[in-house]
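User: Hello! I would like to talk through a protein model with you, one question at a time. Could you take a look and walk me through it?

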Amino acid sequence: MKKKFIAVSVLICALALGSTTLTSCVDDNESASVTAIRDAKAKQLTALANYKDVQAQNEKIIAEAKAAIKNAEAKAKEIANELQNIELEKAKATLAIDIETAKTQAEAALLAQQAALESAKASLIRALDQVSIAEKDRINSLIYKADSELSRINDYQQRIITAEQNRISATYELENAKILKEQAISENNKDIALLEAKLELYKSYENTGIEEAEAAYNESVVAQEKLYADYQTAKKNVYPLKEEGDKLKENLSYSLLMQMQRKPEFSQYIVEDTENTPESEEIIITYDDGTASIQTKNYPESKYKIDSEEVASVVDKNITTTNREVAIKQVALQEANTALTAKKAEEGYKLAVKAVADAQDAFNAAKTEAEKEAAKATLEQAERDLVAYTENEEEAVTTAEENLKREQDNLAYYQEIKNWLDNSGYEEYEKIYDSYVKAIDAWWDAYILQNKAWHNYGVQVNKTLILEGILNSTIDFSQDITNCQTTINNLKAQNEDLSSVQSQETLIKYYENQKAQYEEYLKIAQANYDSYIELINDLIENGSTLPETPEEGGEETPAE
């Protein structure tokens with residue numbers, strides 16, 4: 001019936017318009033159909049390119065972060081052997097700040113990219129409206145899989161950066177090994193809680209139907225947006241408190257007390273005050289979904305106490321000794337200057353000065369290139385002779401000046417300590433330390449709220465993705481549950497490995513191995529992602545694309 005209907009319509013076209021018009025009628029429809037298909041494929045390929053570009057931008061963000069961390073470490077390594085005491089501590093603090101800044105900026109940029117990714121994915125899915133249902137289902141399935149691999153890629157990239165940050169922190173002792181271990185275990189526990197919540201979501205939605213999933217999906221998307229806003233608010237509250245704590249920690253590290261503690265002559269009298277340094281404590285964060293995470297609250301900067309009488313005794317002795325050294329060095333400088341003056345008064349020096357002046361005149365008077373070259377050689381030799389004549393005396397003056405300045409600096413340093421002791425300097429240090437402890441406590445209160453907000457948001461994202469997978473028929477519950485449980489087991493195994501770490505060297509090795517492991521995972525995820533993208537591209541380029549309307553070349557519905 002359909003073929004007869006089309007044949008009759010063509011016949012009517014021919015009778016009405018003639019044979020020439022008949023050809024035109026068929027060619028116009030055929031051309032419009034080809035154009036529609038070509039335009040549709042172009043839209044689909046453009047949408048796919050935009051989707052791929054988000055990943056390219058993510059890779060650029062990660063590359064910049066890695067380069068910044070590498071440069072920061074290279075700079076620290078270059079100057080580490082040249083610095084001592086307070087300058088070395090400042091270099092360590094700068095390194096820690098540079099690495100944390102690079103990591104934080106990358107995390108923020110990748111989070112911002114998530115919106116671009118969702119937009120690009122939505123555009124790609126919309127562009128598939130013009131392919132056959134079977135091909136659309138296949139491509140949607142591949143997009144879901146590519147999206148999952150992309151999430152893994154971003155996660156592994158950030159974990160690689162974190163592992164590198166921790167390795168550098170352990171290598172340069174930016175934090176002590178115990179605290180680094182506690183922080184790493186806490187981060188793993190946070191991830192375990194989120195994965196356990198995800199596991200429960202898989203189990204609860206395993207038998208959900210399409211209609212139920214669609215209603216739940218729409219609600220989940222709305223809830224996800226609100227929870228993300230809650231997380232952003234909580235995150236903003238954490239940052240200024242972290243800044244305050246870091247600044248107070250820096251003030252403590254650079255304080256005169258800690259400068260003295262790093263000096264061998266005072267170190268035995270300035271020791272860690274273990275009784276008044278808050279101990280690390282385990283905090284159990286219980287989330288709204290019933291899961292929990294064990295975090296370790298610690299105070300990286302210890303409090304120190306001072307034996308003021310012993311330090312004062314050492315300082316008084318050093319002031320007396322250094323005053324005498326200053327007097328001796330002053331006389332030595334006077335003698336060196338006197339010797340230099342006497343040397344310059346000698347006839348030989350005067351002749352050397354005259355030789356330079358005569359050579360300069362000869363150089364100025366020379367006319368030809370050869371004469372200039374010869375005069376130049378004579379002038380340079382005369383200048384070297386003049387320098388050599390007083391070289392020993394000049395060096396003696398320079399050495400005497402350096403020796404005097406060193407002793408004067410020592411005297412000023414000991415006098416500064418004496419003034420600090422006489423003017424309640426330690427009490428001021430205690431006030432700063434108490435403020436530091438309060439800042440850490442306030443930061444932890446805010447961090448717990450941020451942690452809960454992030455967990456709630458993460459659970460909602462997982463819920464949305466699971467429901468999306470049900471709607472698209474792309475989710476493999478059995479495989480996803482297995483993968484989720486495997487990841488949980490791996491993180492728990494990491495915690496066991498961390499707990500057994502006893503030295504700085506083994507901690508550094510742990511982070512090196514962890515980084516290498518994530519790099520291998522990244523290679524697998526990247527290969528999977530590239531494979532899915534290639535398959536999507538192939539389906540778009542070589543698959544069938546339906547025209548938008550019957551008028552643009554598709555088959556018409558037969559007349560009743």
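User: Let's start with the overall picture. How many helices and strands does the protein chain have?

Analyst: Please keep in mind that this is a predicted model. Of the 560 residues in the protein chain, 38% count as buried. Its secondary structure comes to 14 helices and 4 strands.

User: Among contacts between residues at least 6 apart in sequence, what percentage join residues at least 24 apart?

Analyst: Two residues are in contact when heavy atoms lie within 4.5 Å. Taking contacts in the protein chain between residues at least 6 apart in sequence, the share that joins residues at least 24 apart is 85%.

User: And the surface: what share of the accessible surface of the protein chain belongs to carbon and sulfur atoms?

Analyst: The accessible surface of the protein chain comes to about 31700 Å². The share of this surface that belongs to carbon and sulfur atoms is 51%.

User: On to charges. Which side chain meets Lys 297 in a salt bridge?

Analyst: Side chains of opposite charge can pair when their charged atoms come close. For Lys 297, the N to O distance in the salt bridge is 2.9 Å. The pair links distant parts of the chain, 144 residues apart, with Lys 297 in strand β3 (residues 292-297) and its partner in helix α12 (residues 425-472). That partner is Asp 441.

User: Why are Asp 246 and Lys 242 separated by about one helical turn?

Analyst: The side chains of Asp 246 and Lys 242 meet in a salt bridge at 2.9 Å, N to O. Asp 246 is partly exposed at 39% relative accessibility, and Lys 242 is partly exposed at 29%. They are about one helical turn apart because both sit in helix α5 (residues 210-253), with a spacing of 4 residues.

User: Where do Lys 523 and Glu 520 lie?

Analyst: The side chains of Lys 523 and Glu 520 form a salt bridge at 3.5 Å, N to O. Lys 523 is exposed at 55% relative accessibility, while Glu 520 is partly exposed at 43%. They are 3 residues apart, about one turn, and both lie in helix α14.

User: How many salt bridges does the structure hold?

Analyst: Some of the bridges share partners: Glu 164, Arg 167 and Lys 515 are joined into one network in this way. Over the structure, the number of salt bridges is 18.

User: Which helix gives the largest share of the negative patch?

Analyst: The negative surface patch is formed by Glu 59, Asp 530, Glu 534, Asp 538 and Glu 541. One of these, Asp 530, is partly exposed at 40% relative accessibility. The largest share of the patch, 4 residues, comes from residues 504-542, that is, helix α14.

User: What is the relative accessibility of Lys 329?

Analyst: Lys 329 lies in helix α8 (residues 308-345). Beyond its neighbours within four places in sequence, Lys 329 is in contact with Asn 403, Leu 404 and Glu 407. Lys 329 counts as buried because its relative accessibility is 16%.

User: What is the phi of Ser 424?

Analyst: Most residues other than glycine have a negative phi. Ser 424 is found in the loop between α11 (391-422) and α12, and Ser 424 is partly exposed at 38% relative accessibility. Its phi is positive, near 55°.

User: What distance separates the C-alpha atoms of Gln 526 and Ile 153?

Analyst: Gln 526 lies in helix α14 and counts as buried at 18% relative accessibility. Gln 526 and Ile 153 are 373 residues apart along the chain, and their C-alpha atoms are separated by 6.5 Å.

User: Last one: what distance separates the C-alpha atoms of Ala 65 and Gln 158?

Analyst: Ala 65 lies in helix α1 (residues 2-80) and is buried at 4% relative accessibility. Ala 65 and Gln 158 are 93 residues apart along the chain, with a C-alpha separation of 9.7 Å.

Key. Residues numbered from 1 in each chain as written. Predicted model: local features only at pLDDT ≥ 70, side-chain atom pairs only at ≥ 80, totals over all residues. Heavy atoms only, no water. Patch = residues over 30% accessible without salt bridge, like charges linked within 9 Å, V, L, I, M, F, W, Y side chains within 5 Å. Areas by Shrake-Rupley, 256 points an atom, 1.4 Å probe, with all protein chains shown as cover. Salt bridge = Lys/Arg side-chain N within 4 Å of Asp/Glu carboxyl O. Lys, Arg positive; Asp, Glu negative; His and termini not counted. Charge placed at Lys NZ, Arg CZ, Asp CG, Glu CD. Helix = DSSP H or I, 4+ residues; strand = E, 2+ residues; numbered from the N terminus. Buried < 20%, exposed > 50% of the residue type's maximum accessible area, 1.4 Å probe, protein only.
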